[in-house]
Amino acid sequence: VLGEFSASADKKKALEALLNGAKKGPVTFFLNFNFKVGAEKVASSITDSISSRYSGARDVAKLKQILCDGVSAKGNTVKGTTMQFDCSKGGVKISLDG
């Protein structure tokens, strides 16, 4: 859906397309890291962004801990590390490098 938008496209239209797509079924977000980032920084960056859009503080805190634990087990992210979020009505599945 977002492939229709260029890097300079209207962000509001891109967000609207994303939200409309999410209403139709499961959505996947994929991150590909280009440099080393520590576990706390990754977890904080992602959950800080989510917390401003979602009112479930306990869910966000749980997500932060899951992300921090997962990245810590790997050490850090390095160039080529991938993180995938499969979002559905049933919840969120998170995959790190796989």
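The model is predicted, so local features need pLDDT of at least 70 and side-chain atom pairs count only at pLDDT 80 or more, while totals for chains, interfaces and linings use all residues. Residues are numbered from 1 along each chain as its sequence is written, and side-chain values use heavy atoms, with hydrogens and water left out.

The protein chain holds three helices and three strands, taken as DSSP runs (helices H or I, at least four residues; strands E, at least two) numbered from the N terminus. Read from that end, the order is α-β-α-α-β-β.

As for the pairing, where two strands pair if DSSP finds at least two bridges between them, S1 (residues 27-32) and S2 (residues 82-88) run antiparallel, joined by six bridges. Asn32 has Thr82 of S2 as its bridge partner. On to S3 (residues 91-96): this strand is also linked to S2 by six bridges, again antiparallel, with Phe85 standing opposite Ile94 of S3. Two residues sit between S2 and S3, and the pair forms a hairpin.

Now for packing and surface. With contact meaning heavy atoms within 4.5 Å, 55% of the protein chain's contacts with a separation of 6 or more are between residues 24 or more positions apart. Of the 98 residues, 23% are buried, that is, under 20% relative accessible area (1.4 Å probe, protein chains only).

Note on methods:
Buried means under 20% relative accessible area, exposed over 50%, partly exposed in between (1.4 Å probe, protein chains only).
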